[in-house]
Amino acid sequence: MKCPNCGHPMNHHADKLLLYDDPNLDAASPLLESYSCPHCGANDARLVQPD
Amino acid sequence: MTTSDSPDLSAEALPLYIPVILGTVRQGRMSQRAAQLLTAELARRPHVETELIDIARLPLPTNDAGEAIKDPEFSARISRSDALVIVSPEYNHGYSGMLKHVLDSCLKEYIHKAVGVAGVSAGVFGGARGIQDLLPVLRELGLVTIFWDVNFANVNQLFSPDGTLSDERMLPRIDQFLKELIWMAKTLRHGRQHITLQ
């Protein structure tokens, strides 16, 4: 992921599992990938579906 | 091109940003004095920026909850932060419901950030029971708790009417708490920026 602030490549430092609390959803719960920029310090995240 | 005269703009050269969250909206709250003291003590530290975030001033509705009611300004402050100090009064052996309401409005903003908790109570335990209840919540949010707390016990006698601390024996404890928090904030900033999940 590129930093939305400065465009530098960001460091992927964490994955957090987000559990759906809706019993009608049968899709796999997504992961929240966390990133931080070593150049300007900005933080960002994106949701991904686990394999 | 970088020269020796150029300012260091790398992320590690930026000051740590450690806001203090005043975790109650109750009228007449004594926790405000504790939060002001901690903010002042943090502000004296080199290479640290701080401010007091009063949850009573956040425009969060109470007819919904969670990230659906995220306040953009609060979110931006938490996202920018390297660590948090949470001032948590103990009400009926628990933490404030409004504090939980505010904390639940963010998630990605907290991950791999340090947090220290200062408990406040009118009794002798200094909010310790509320702190114990709050710790698993902070962990689930992705925050990293430190092993020092501050306990403002008997808070009605701890501050003079003008808000100044009347028992200076609290200061060494606050000093240890902040030293541990700053160490953890620096360590986690380095980890977030340079150590990749494998």
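Predicted model: local features only at pLDDT ≥ 70, side-chain atom pairs only at ≥ 80, totals over all residues.
1. Strands here are DSSP runs of E with at least two residues, and helices are runs of H or I with at least four residues, both numbered from the N terminus. Val120(B) lies in one such strand, β6 of chain B.

2. Side-chain values use heavy atoms, with hydrogens and water left out; residues are numbered from 1 along each chain as its sequence is written, and chains are lettered from A and ligands numbered from 1 in the order in which they are written.

3. Now the overall fold. Chain B has 6 helices and 8 strands, and from the N terminus the order is β-β-α-β-β-α-β-α-β-α-β-β-α-α.

4. On dimensions, the C-alpha trace of chain B spans about 60 × 40 × 30 Å along its principal axes.

5. Of the 198 residues in chain B, 49% are buried (buried means under 20% relative accessible area, with a 1.4 Å probe and protein chains only). Contacts, meaning heavy atoms within 4.5 Å, tell us about sequence range too: among those in chain B between residues at least 6 apart, 81% join residues at least 24 apart.

6. Strand β5(B), residues 83–89, deserves a look, as 7 of its 7 residues are buried. Ala83(B), Val85(B), Val87(B) and Pro89(B) point one way, while Leu84(B), Ile86(B) and Ser88(B) point the other.

7. β5(B) has parallel partners, where pairing requires at least two DSSP bridges between two strands. With β2(B), residues 20–22, there are 3 bridges, and Leu22(B) stands opposite Val87(B). With β6(B), residues 114–120, there are 7 bridges, and Val87(B) has Ala118(B) as its bridge partner there.

8. Back to Val120(B): why does this residue count as buried? Because its relative accessibility is 3%. Leaving aside residues up to four places away in sequence, Val120(B) touches, among others, Val87(B), Ser88(B) and Pro89(B), as well as Phe152(B) and Val155(B). Ala68(B), by contrast, is 52 residues from Val120(B) in sequence and 30 Å away in space, C-alpha to C-alpha.

Technical notes. Buried < 20%, exposed > 50% of the residue type's maximum accessible area, 1.4 Å probe, protein only.
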